[in-house]
Structure formats: C-alpha cells, structure tokens
Amino acid sequence: MNELEINSIDQDPISLQFFDSQIQAGFPSPAQGSFGDTIDLNDELISNPEATFCARVIGNSMIDSGINEGDLLLIDRSLTPHDGCIAVCFIDGEFTVKRVSIRADGIYLVPANKRFPELHVNSDNNFQIWGVVSHIIKKL
Amino acid sequence: MYCLADCNNFFVSCERLYDPTLNGRPVVVLSNNDGCVIARSNEAKAMGIPMGCPAFQIKKHIGTARLNDVIQLSARHTLYHDISLRIMSLLGRSCERLEVYSVDEAFFQAPFNDPVKDEQFLRDLVAKIYKYVGIPVSIGYAPTRTLAKIASRIAKKNPDTTQGVYGLTSQHLIDSALVKTDISDVWGIGRRLTEALRNRGVGSAAQFVQYPNSLVRSLFNITVAHTHAELKGIDCTAASPVTVAHKSIMNSRTFGTLITSRNEVQAAVVHFAEHCSRQLRSEGSVAGTVMVYVRGDRYREDVPFYSNSCQLNLATPSSSALTIVHYALQAFSCIFKEGFGYRKAGVMLLNIKPETMVQLNLFDKEDHNKQNRLMRAIDHINTRYATQAVNLASTSAKGEWKPRQQHLNQSAQSALHIYSGMVASSKKKSSL
C-alpha cells in the first residue's frame, strides 16, 4: 500500500494578514506588531511552483523527524537529492518518505522510528528518488 | 529558428509520474466514458494498438491472450491540464514568444541564433522539464514551424541518437529529413489531402516540395500552399490562418512607474483582457487566441531588462470576460518573472470571427449560454452607470499600473461618484 498520495497545488494566491513581530511562544500582544503587510502562503512556501507537488502522510515511520500521519509534505523536485535529505522515494511499487543516506556501499533509506528497519537499496530494487521534501505542514 | 516542444505520449507520461509502476509496461489512456484510445505508451504502440481505437476493439488488434498485459486507464484531464501548465510555464520563463499550440505542444523561438548554443540550451531545457515535472519532452528546431514539427518527430522517434533534441539546421539535413517523411506526417496534411496528393504521385514530403508552386496553388487552397512554402524553408507565419487572424483587438499601456509587484502587473493584465473582451462583445465577435506580453524598461540601468509574450488557444472561441481573463491570467503566469521591473503590459486577442461562426468543442466544460447572459447583464450595467461600475474582483489592486492622471479633467471622473455614494450610505448605516 502506498504511504503517500501525491497531489498538485492550486496556485491562486491568498493573501493573509502577516503579524510582523517576533513571536517568542509567549503571549504576543497584537498592539506591538505592525499590521498591514500581507503574506501569501503559496509565495512563502513554494519557490518553484512548476516543480512543487504536495502529499499527505500515511503511517508513522518518520515520527522522530516530526513527520506524523496526516501531515502535508511539500515536495520540490527541482532540489537535487543529497545525503541526509528527506525525500519521497518510489521503491518496488510503493511511494514512501524516508531520510536518504548516501554511504560508501550505496544508498540507504533511513526511517525516523526505531520500530522500522533501515533499507539498503540494491540493484534488484525498482527505485527512484521522486522528489526532495522542502516543507512539512502540520495541524496542531 | 522555430522550436517545437512536444511531450512524449503525454497522457501516459502524466499517469506514469504519479504511478511509476506503469514504467516499461504497455499503457493506454481512454477518452471520456472509456470510449477510445487517446494516448499510448511506446510499448502499446509496438503491440499494434492504433490511435483512436475503440476500447472494445483493442483485443481484435492484439489478440485476446495479450489483452491482460495492456493497462487501460480512464483519462484524468484535470491532472493532465495541471502538468501541462507546469511545462508551459517552465517553457515560458526560459524562452521567448511562447505559443501554446495544444495541451502537450508549444512553439517558441530559439534564443541564440547559434546552432551549437541553441542545441545545448534545448538539451538543458529537456533535462530541466524532466527533472522538475517528470515528463519526457522532445524538441525539434528548424527555420519554419512546419519543419520544426518534422524535426520534433525525428527527435521523438530516435531517442537514442537525438536524446530528445533535433535541429534541421542546414539545407542538407532538411533535404534528407523530407525524403524520409511520409506526406501524411506533414503538419496540416490530413487524410483527404494525403489521398489527393498520393493520386498525383506525391508520397513523401520531398516529392511534395518538388511539386510546382503554380500547380499547388491551382489545385489546393491557400493553407496547403503555405505548408508547401514552409517545407521549402519560407516562413509563412504572417500569412498563416493558424496564428494570425484578419484582425486583432489589442489593449496595452505604458505604466507611469516601473512596477515590480506581481499583483499590480496582473491587475493591469486583467483590466486589459476585460477591456478587449468588452470590445469583442460590442462587435458581436469571439476570439480564438489570447496573447499577453510584458516588457521592462530598456533604458533603466539599475533594473535588469526582461520582455516576453505568451499566447494560448481557447478551448472554444469566446467573448466572455471570464473566459478571456482566465486565459490571459494563465498566459501571464507563464511569463511573469519576479525580480524584474515592468514598464508595459498588454493583451491582444487574435483569431477573431463572428459569434455565429463558432463551432463548439466537444471537450469544453464551460456553460457558454450562462456566461453570455451574465456578460450581457454586466455590459448593461456598465453602459448605464459607469464604465467600471461592475468589474472582476481581480482587477482591483492598488492601481499603480494606471497612468499618471494628475491633470485629469474632473468631468471625466464623474462616473466615480457611484462608488463614493455607495460607500457613504453604508457608513451611515454602520454608525446608526
């Protein structure tokens, strides 16, 4: 079963009021901030609209990296995969999100949950790094 | 040089992006209600499944035993449209004068006028599209569109030798390509014309080129004569009915200041598109193509210069402001780049014809009657009260794009008091 369902993003801009003061997880006083600026979340989160896709997470193999079931991933395919990046991969017929580890003996897919094993990708696997995850959007 | 970018097996490639298990297997995409085959993977082509084949006849072509090997998928046009926009937007930002010809094909100009540089540029572009969007694209380039189409076909058919890019950059290359091109594969030569030409001993594009001009003109219509000339390397764009109509409607403006905000330039484009569509409706015409262009200020040394245009064909020719603005916005988002200053923008409507001549598109989802009624109502209000009493919400940005009007005659602004009157009365209500 796929762990991810990949979607496109509607590009219509939506401007939100931007609360322009440093928030220190205390009680922000609205009076301190300067209102007036707006922020468009698409603009803020997507630097390459043509290459950006979005996927919702199913499963909990990445919880120690802060990725939980139901979170939204933004995937920027324009980014080149590198050692340590979190990427959406396609392996043997399934999409999965894992940390990519490039070692002397090849590529490993490393989960962020002790209950899951690492996976050494070998030539028998039908494997492809589909895109690098650039942001996680989660509901609190 | 004209370039033609053509997506390989586009609908199948889109399906494969979202489901890589389909790679390397024979896949066909079926039209609405799973009627006919509208896209085939190379594997499905190799099995002998013809384009347009009704789904129930597939087994007749490949035999019942192999039927289970073929993966048949229902079309998902919303998905294909989204992927198409991504590709067109990448092309529009990298190239000049993009003309989106269909969901998976677009013409544009090669940037360098230098065969070596252009080829490298196009190879990088093919690689970039594959990396960003995951769709394999073939690009052909040549002195005319008709030849570029032949070049892209060669690129697509010979991926191993061309790596997806092929240019007809010399007369020698053009000649040998024409010999190998069947007349039925020439752009604009359909089934009937193929038959008519075959009956006269013309079987290949090379034989067609040898055919005397005078005979082509006397036997066939002007479009065929243009195709004939384009195969000889003579660019007939200006005269071609495909791109240029008998007349066009244009609305553009030089801005009072150099604008950098996307919203502001976009608002101007929407305004121009709306204005053009109003003019169309007042003449009882419809447009088949929407073109948008933006231009910076060449004389400003502190801001980098950028200028580009993009044109899109409508599914069905229309005069509705909603439709025209929708397409103008799509074209705009294909060419707008952040980080530049804009001094001028414009919208041009092409392929204009009388409303009565419209042929409906089978795949068009718009309710045209409903839109026509809405447009009539809006035009009526605007004629009666003020030009801009009712407009689309997307035109109302800060208005930086509007011309400097410090010396405007007050009587010209009298229309505005409809606005102020409404604001005043609503304020009164809230204070009570």
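Angles between axes under 35 degrees count as roughly parallel, over 145 as roughly antiparallel, 65 to 115 as roughly perpendicular, and the rest as oblique. Axes are lines fitted to C-alpha atoms, for helices over the stretch in contact, with angles from 0 to 180 degrees between N-to-C directions. The model is predicted; local features need pLDDT of at least 70, side-chain atom pairs count only at pLDDT 80 or more, and totals for chains, interfaces and linings use all residues. Residues are numbered from 1 along each chain as its sequence is written, and chains are lettered from A and ligands numbered from 1 in the order in which they are written.

In chain B, helices H5(B) (residues 77-94) and H15(B) (residues 321-335) cross at roughly 55 degrees, and their axes come within 6 Å. The pair is therefore oblique. Helices (H or I, at least four residues) and strands (E, at least two) are DSSP runs, numbered from the N terminus. H5(B) contributes Leu85(B), Met88(B), Ser89(B), Gly92(B) and Arg93(B) to the contact; H15(B) contributes Gln330(B), Ser333(B), Cys334(B) and Ile335(B). Contact requires C-beta atoms, placed from the backbone, within 7 Å.

Strands S2(B) (residues 27-30) and S3(B) (residues 37-40) pair antiparallel over 3 bridges. Pairing requires at least two DSSP bridges. Leu30(B) has Val37(B) as its bridge partner. The two strands form a hairpin with 6 residues between them, and Asn33(B) in the turn has a positive phi of about 60 degrees.

Chain A holds an open antiparallel sheet of 8 strands, ordered S1-S4-S5-S10-S6-S7-S8-S9. S1(A) (4-7) and S9(A) (119-120) are the edges; each has a single partner strand, so one side of each lacks a neighbour in the sheet. S8(A) (residues 106-110) runs antiparallel to S9(A), joined by 2 bridges. There, Tyr108(A) is bridged to His120(A).

Note on methods
Contact = placed C-beta atoms within 7 Å.
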